[in-house]
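Subject: Structure for you to look at

Hello,

Here is the structure we talked about. Please open it first, then read the notes that follow.

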Amino acid sequence: MVVTDKDLLDVDISVVGLTSFSGPDVPFDVDVFDSSVHYIKLMNYRHHFRTIFDFEAIKKLLASQKFTFCYDALHGVAGAYARHIFVEELGADESSLLNCVPKEDFGGGHPDPSLTYAKELVERMDLGKSSSNVEPPEFGAAADGDADRNMILGKRFFVAPSDSVAIIVANAVQSIPYFASGLKGVASCRSMPISAAFDVVAKNLNLKFFEVPTGRKFFGNLMDAGMCSICGEESFGTGSDHIREKDGIWAVLAWLSIIAFKNKDDLGGDKLVSVEDIVRQHWATYGCHYYTRYDYENVGAGAAKELMANLGSMQSSLSDVNKLIKEIRSDVSEVVVSDEFEYKDPVDGSVSKHQGIQYLFGDGSRLVFRLSGTGSVGATIRVYIEQYEKGSSKTGRDSQDALAPLVVALKLSKMQEYTGRSAPTVIT
């Protein structure tokens, strides 16, 4: 047909197919395709030579009477993929899907996969403020609006994003066919602010490790160069080199693969190896990284810069820093390294400076201070507090109790003196 504006408007993009037009200059086609079909072919090793996941193993897990599953797309694009993958391909019950009809306004909610905004999933997993009489599913997951981020939950159990990606790395070779030959011998990278759970796994597995600034492009460079297999960042972003982007559904399939592998010899037995079991086994092997982030939003730009400058000047004398810390909390380990994080890209040689001030303690704990959004209105100061513990008596504690000694961060930085803030805007 000869093309007009009306003809293009009349193309039904809900129907897969090819429509041909005779343009004013050259003929052209409009091809409507279902991207979820192509995605499934990539994910399911039977249909793709690079072998990513064993769908048959995941099907057996989902068919087990012991395993229950829930996925919340928060009315984002993941919903279209979720029905095709989890229900039609893997055999999950339709009732296991929450908010999986994509909507332009995300159903009036905020499509952030977090304990704050994935409220319906959090309630179903019995992690809400009020306890439920209904037995929660064994596994729950959520996606953000464009499906590149994820949140993983067990029955009444939250998996921190830093633990999630570390556990995927630790179990990838055994559980995921795509990595059966190894993680390229170079393995993994993480953005600097995320907890060092990744580092401990990489060191134990003798994998080359990259600590990069916040920003997806740094992961992409390493993946394009064949130097990185799995990556993770603080905001629930997880991915691998099957594509050079975060992939929230991939992360869920990775977790299902790990659970399937852990239960492969006893799916008919009395007890399932649960999400919580897997996390606690990981802590027993690698230790536990208690981790939190304080965000101080809309701080005066001048005050924020002065605070960071003061932290930078303190780095010249660690003895003074340690003396100050001991005066605040005598049970805190000494700072052994303090610097301003700088990254030289091993691929293109570019250098990224002023990425955050960090204090590294002798016991593996960390304090990190980052500044962002220094515009005319204000800035955000982010404080990352991480306590590393190893030993069964110290893992599995309440995070706030474990992190209590490192509140020295607030007095060390003179947060209230510089900003006037007695408490953070957001704690995650």
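Helix α3 (residues 55–63) packs against helix α9 (residues 248–262), with the two axes 9 Å apart and an angle of about 75° between them. Angles of 65 to 115 degrees count as roughly perpendicular, and α3 and α9 are therefore roughly perpendicular to each other. On the α3 side, the contact is made by A57, I58 and L61; α9 contributes L253, L256, S257, I259 and A260. The residues of this contact divide into 7 nonpolar, 1 polar and no charged. Keep in mind that the model is predicted.

Next, the sheet. It is open, has 6 strands with antiparallel pairing, and runs in the order β13-β16-β17-β18-β12-β19. Which strands stand at the edges? They are β13 (335–340) and β19 (426–427); each has a single partner strand, so one side of each is left without a neighbour in the sheet. Within the sheet, β17 (residues 366–372) and β18 (residues 379–389) pair in the antiparallel sense over 7 bridges. To find this pairing on screen, look at F369, whose bridge partner in β18 is V383.

Last, the aromatic rings. The structure holds 12 aromatic pairs. One of them joins F198 and F209: the ring centres are 6.1 Å apart and the planes are at 55°, so the pair is tilted. F198 belongs to helix α7 (residues 197–204) and F209 to strand β9 (residues 209–212), so the pair ties together parts that are 11 residues apart in sequence. Are these two residues buried or exposed? F198 has a relative accessible area of 1% and is buried, whereas F209, at 25% relative accessibility, counts as partly exposed.

Another aromatic pair, F218 with Y343, is edge-to-face, with 5.6 Å centre to centre and 90° between the planes. This pair links distant parts of the chain, 125 residues apart: F218 is in helix α8 (residues 216–224) and Y343 is in strand β14 (residues 343–344). Buried means under 20% relative accessible area. F218 has 6%, so F218 is buried; Y343 also has 6% and is buried.

There is also a cluster of rings, in which ring pairs link F67, F69, Y71, F86 and F139.

Regards

Conventions:
Residues are numbered from 1 along each chain as its sequence is written. This is a predicted model: local features need pLDDT of at least 70, side-chain atom pairs count only at pLDDT 80 or more; totals for chains, interfaces and linings use all residues. Side-chain values use heavy atoms; hydrogens and water are left out. Axes are lines fitted to C-alpha atoms, for helices over the stretch in contact, and angles run from 0 to 180 degrees between N-to-C directions. Helices (H or I, at least four residues) and strands (E, at least two) are DSSP runs, numbered from the N terminus. Angles under 35 degrees count as roughly parallel, over 145 as roughly antiparallel, 65 to 115 as roughly perpendicular and the rest as oblique. Contact means heavy atoms within 4.5 Å. Ala, Val, Leu, Ile, Met, Phe, Trp, Tyr, Cys and Pro count as nonpolar, Asp, Glu, Lys and Arg as charged, and the others, Gly among them, as polar. Two strands pair if DSSP finds at least two bridges between them. Rings of Phe, Tyr and Trp (its six-membered ring) pair if their centres lie within 6.5 Å; planes under 30 degrees apart count as stacked, over 60 as edge-to-face and the rest as tilted. Buried means under 20% relative accessible area, exposed over 50%, partly exposed in between (1.4 Å probe, protein chains only).
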